[in-house]
Amino acid sequence: MTTQIPFAIDFHVHSDDSYDGHEPIELILEHAADIGLDGVVITDHDEIDESRRAANLAPQYGLIGIPGVEVSTQHGHLLAIGVENRPDPGQPFMDTVEIVRELGGVAIVPHPFQRSRHGVRKRWIDDADAIETYNSMLFTGYRNRRARTFARRRNYPQIGASDAHYLPNVGKAYTEVLVTPDAATPTKADIDGDDLVDAILEGRTQIHGKRTPIRKSAVQYGKGAVRKTAYMFTSRAPLLPTVPASMDRST
């Protein structure tokens, strides 16, 4: 029987490089590792520099590195996962899907049908590589249920993600990707971003979106709050070293 290795990945997270993001990537990576994720994809709005940097830094935090970007198409937002270059914004939705594929990535439709958040309407989705059917930022479950029905009827792979803009929300929803490695005795260290992309395309995903127990949440979010407070204070104090030290971009 072929061994499959599960990876817990949050594919939709915003850093302070997004116009509406708030956290530096180092803080996000440290928090993701602390709450037990195997990886996190920084998908800033039409910006990819910090995502590439996060992908390069990820192994230092024990995480797998995957770059990505949330592209503003003519017809709504599109996640480009596993790309090193940003597709130009403002192009037709299906043209952007094809560009993402040409760049070696997967094109995932985030929060579909929700126009208040630039979700793509059904009539524009002629094809895609996956649908985000669980987005933890939605206030009700209606849009998630509609996205799930749409994906099932068309046999699209499904992912779940936090769409986090603040540190405590990272990992609130995530996708467990089941990777089938080539090695006879594989370990997680043998897996890279390309393996995860292939697993998504083959539909080997399971969505997790339940809230963690209050006690565990309090510990995890408390650590995140302490880190953020320390960073915000020390990064503005000229005579103090930045804490955590890994977040000092001046070095």
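**Figure 1. Accessible surface and overall make-up of the predicted model.** The accessible surface of the protein comes to about 12100 Å², and carbon and sulfur atoms hold 50% of that area. The model is predicted. Of the 251 residues in the protein, 51% are buried. The protein has 6 helices and 9 strands. Among contacts with a separation of 6 or more, 65% are between residues 24 or more positions apart.

**Figure 2. The open sheet built from β3, β4, β5, β6 and β7.** The 5 strands lie in the order β3-β4-β5-β6-β7, and their pairing is mixed. At the edges are β3 (68-73) and β7 (158-161), each of which pairs on one side only. On average, and with direction ignored, neighbouring strands of this sheet are turned by 35° against each other. Helix α3, residues 93-102, packs on the sheet and touches β3, β4 (76-81) and β5 (106-109). The direction of α3 makes about 5° with that of β4. Strands of a sheet can pair either parallel or antiparallel, through backbone hydrogen bonds.

Figure 3. Strand β4 is mostly covered, with 6 of its 6 residues buried. Its pairing with β3 is antiparallel and runs over 6 bridges. The two strands β3 and β4 form a hairpin, with 2 residues between them. Within this pairing, E70 has L79 in β4 as its bridge partner. The pairing of β4 with β5 is also antiparallel, here over 3 bridges. L79 has I108 in β5 as its bridge partner.

**Figure 4. The parallel pair β6 and β7.** Strand β6 covers residues 130-135 and is joined to β7 by 4 bridges. The two strands run parallel. Opposite Y134 stands G160 in β7.

Figure 5. N135 has its place in strand β6. Its relative accessibility is 1%, so N135 counts as buried. A polar contact of 2.8 Å links the side chain of N135 to the side chain of E132. A polar atom of the N135 side chain also lies 2.8 Å from the backbone nitrogen of M137. Leaving aside neighbours within four places in sequence, N135 is in contact with H12, H111, R117, N144, A161, S162 and D163.

Figure 6. The largest nonpolar core has 21 residues. Those with the most contacts inside this core are L78, F93, V109, I125, I131 and Y156. At least two residues of the core are supplied by each of β3, β4, α3, β5 and α4 (142-154). The largest share, 4 residues, comes from α3. A second, separate core has 20 residues, including I64, I81, V106 and V179.

**Figure 7. Contacts of Y156.** Y156 is one of the residues with the most contacts inside the largest nonpolar core. With neighbours within four places in sequence left aside, Y156 is in contact with I125, D126, D127, A128, I131, F150 and A151. Of these contacts, I125 and I131 are also listed with Y156 among the residues with the most contacts inside the core.

**Figure 8. S18 in the loop between β1 and α1.** S18 is placed in the loop between β1 (5-13) and α1 (25-34). At 5% relative accessibility, which is under the 20% limit, S18 counts as buried. The side chain of S18 makes a polar contact of 3.1 Å with the side chain of H14. S18 touches T43, D44 and H45, not counting residues up to four places away in sequence. The C-alpha atoms of S18 and E50 are 9.4 Å apart in space, while the two residues are 32 residues apart in sequence.

**Figure 9. A164 in the loop between β7 and β8.** A164 is found in the loop between β7 and β8 (174-179). With a relative accessibility of 0%, A164 counts as buried. Leaving aside neighbours within four places in sequence, A164 is in contact with H12, V13, H14, N169 and V170. A164 and F11 are 153 residues apart along the chain, and their C-alpha atoms are separated by 9.9 Å.

Notes. Residues numbered from 1 in each chain as written. Predicted model: local features only at pLDDT ≥ 70, side-chain atom pairs only at ≥ 80, totals over all residues. Heavy atoms only, no water. Pairing = 2+ DSSP bridges. Axes fitted to C-alpha atoms, helices over the stretch in contact; angles between N-to-C directions. Contact = heavy atoms within 4.5 Å. Buried < 20%, exposed > 50% of the residue type's maximum accessible area, 1.4 Å probe, protein only. Polar contact = N/O pair within 3.5 Å; in protein donor to acceptor, adjacent residues only side chain to side chain. Core = buried A, V, L, I, M, F, W, Y, C linked by side-chain atoms within 4.5 Å. Areas by Shrake-Rupley, 256 points an atom, 1.4 Å probe, with all protein chains shown as cover.
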